[in-house]
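Subject: Handing over the two-chain model

Hi,

Here is the structure I promised to pass on. Have a look at it first, and then read my notes below.

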Amino acid sequence: MSDPGKLNTSSSELDLDRPNIEDYLPSGASIHEPHGQLRLRDLLDISPTLTEAAGAIIDDSFTRCFKSNPPEPWNWNVYLFPLWCCGVVVRYGILFPVRVIVLTIGWIIFLSAYIPVHVLLKGHDKLRKKIERYLVELICSFFVASWTGVVKYHGPRPSMRPKQVFVSNHTSMIDFIVLEQMTPFAVIMQKHPGWVGLLQSTILDSLGCIWFNRSEAKDRETVAKKLRDHVQGSDNNPLLIFPEGTCVNNHYTVMFKKGAFELGCTVCPIAVKYNKIFVDAFWNSRKQSFTMHLLQLMTSWAVVCDVWYLEPQTLKPGETAIEFAERVRDIISVRAGLKKVPWDGYLKYSRPSPKHRELKQQSFAETILRRLEER
Amino acid sequence: MGNSSSMLTQYDIEEVQGHCNHAFSQQEIVSLYQRFCQLDRSSGGFISADEFLSVPEFAVNPLAQRLLRTVDGLNFKEFVAFLSAFSPRATLQQKIEFIFKLYDSDGKGSVSYKDILDVLRDLTGHFISEEQREQVLKQVLEEAGYRKDSSLVFADFVKILGNPGLKMEVEVPVD
């Protein structure tokens, strides 16, 4: 989807979103332990910096966030292999067609109700909204049924009231479907191409969802404005935001964008954890289209996941939006058992800003200057 | 069934091991191969500068651009050979050679005052002024018995960096 030729360093506006990344990165200062006189060796020895570079090439925490992990093979022995073969036949030969039929029926019911409601009830906005909400919940339940979703919801179900936003970690677009079947959230999402985009602009629009294109800076302002308007209305659907801004493989959380945390609303964290026993629910949008992703889910035995609605949080006095975002990320990560990494998920699409390199340069420069003075 | 390690045969692995002076064990080669495939997004059989820079932890490294001049467009064998300097099994000589080559930008086998200054500029950016940088370098060079116009050869590097050795090791994760 992204064009590598178009990559550029992220704008300074994006930088504001970042927590202090330097807290997480190994700092140059601790490696060049400074004492004694500055000698030629100290200037020539670039091994610490090189070691860091080689370490990043061999293994790095950013790439790990977006790595799809294949399920553990268990079918290796002579007893289990025939069983696995039977499983394949059942999954592809029986389960899959049944699920396609279920989904088709779902769509027929949904469309045959939705279109008349949408067209005929033009004057009665309140009633129309209510029915449409119900119908979207219904079609989402059909979707969940089409992968035999075994979803366990913990905690109180979200209620509709003004001035609150829900934030959740993001693994795949199916997070949205799983959450939507319980509550008709209005969601902020990347605009997708293809049939998903069509659904977004027609049906989901009626829920008050907001679409944007993450590469367009202009969209950021409009989204921010729409967000503020949306949370004020009492009859609007509760707002759901995936502050990571990109799908992560459900083992890690990347940095939360601060947008959701500076609306002056109560933030209700939601943690979603998938059990990978049957299928990996991570949508690797670089490798797979959403259709392929759905097919993969529909040919597996089941999608098992846990959803926790967590304690609502408010901005503490003296806390910045970024600190608030990090606190909420902590809560979600702990609940869902995810590891935190200091990276901005948008780095999938752009390069880190030179600021981070400069920090390393600064610490090295300071060491040299200090040791020079010690003479 | 079937995983990516089966794509490398024993012969392939041995050949790669030969290429890097047996700096890595067979399992490590397999791990490195998986990593190589992961970094090689375009599946072209080599890793371009752009693909290296897609690793943020690498992109923020002050020496990233300099390293990229040596590592741009590596195939798997070259990739392993490049990393072999960071193996615990690599000799001190090999590690120093790696550093020396990075300094020696024109590949003539000697490092001039200007070469060192260039690397120092990469490392310190605009946090030290150009004059100050030159002054510092001149001073330490003279203290070590060199002059501004003398060029350092590999033997000098061994003398300067060889004692008490270098800590330049990266562990390859093996599963």
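Among contacts in chain B between residues at least 6 apart in sequence, what percentage join residues at least 24 apart? The figure is 61%, where a contact means that two C-beta atoms, placed from the backbone, lie within 7 Å.

Some housekeeping before the rest. This is a predicted model, in which local features need pLDDT of at least 70 and side-chain atom pairs count only at pLDDT 80 or more, while totals for chains, interfaces and linings use all residues. Residues are numbered from 1 along each chain as its sequence is written, and chains are lettered from A, ligands numbered from 1, in the order in which they are written.

On confidence, the model scores ipTM 0.88 and pTM 0.76. Chain B has a mean pLDDT (the predictor's confidence in each residue, from 0 to 100) of 86, with 97% of its residues at 70 or more. Where pLDDT is low, the predicted coordinates should not be read in detail.

Along the sequence the order is α-α-α-α-α-α-α-β-α-α-β-α. The C-alpha atoms of chain B fill a box of roughly 60 × 30 × 25 Å along the principal axes. Of its 175 residues, 32% count as buried, which means 20 or more other C-beta atoms within 10 Å of the residue's own; exposed means 12 or fewer, partly exposed is in between, and the C-beta atoms are placed from the backbone.

UniProt, in an unreviewed entry, lists residues 91–126 of chain B as "domain: EF-hand". (UniProt positions are in the numbering used here, feature names are shortened, and annotations may be inferred rather than shown by experiment.) That stretch of chain B is 67% helix and 6% strand, with its end C-alpha atoms 35 Å apart.

Now to where the chains meet. In this model 41 residues of chain A are in contact with 40 residues of chain B. On the chain A side, the elements that give two or more residues are α3 (40–44), α4 (47–58), α5 (61–65) and α13 (354–373). The chain A residues there divide into 22 nonpolar, nine polar and 10 charged, with Ala, Val, Leu, Ile, Met, Phe, Trp, Tyr, Cys and Pro counted as nonpolar, Asp, Glu, Lys and Arg as charged, and the others, Gly among them, as polar.

In chain A, another unreviewed UniProt entry gives "domain: Phospholipid/glycerol acyltransferase" for residues 164–275. Over residues 164–275 chain A is 29% helix and 25% strand, and the end C-alpha atoms are 29 Å apart. Strand β2(A), residues 164–168, has four of its five residues buried. β2(A) runs parallel to β7(A) (266–275), joined by five bridges, and parallel to β5(A) (239–241), joined by three; strands count as paired if DSSP finds at least two bridges between them. A:S168 stands opposite A:I270 in β7(A), and A:V167 has A:I241 in β5(A) as its bridge partner.

A:F242 lies in the loop between β5 and β6 (252–253) of chain A, and counts as buried because 27 other C-beta atoms lie within 10 Å. Leaving out residues up to four places away in sequence, A:F242 touches A:S168 and A:H170.

Helix α7(A), residues 125–146, has 22 residues and reaches 31 Å from first C-alpha to last, close to the 32 Å expected (1.5 Å times one less than its number of residues). Its buried residues include A:L135, A:I139 and A:F143, and what covers the buried residues of α7(A) includes α6 (80–120), β1 (149–154), α8 (173–180) and α11 (290–298) of chain A.

Most residues other than glycine have a negative phi, and most peptide bonds are trans. A:T148, in the loop between α7 and β1 of chain A, has a positive phi near 45 degrees. B:N21, in the loop between α1 (10–19) and α2 (26–39) of chain B, has a positive phi of about 55 degrees.

Best wishes
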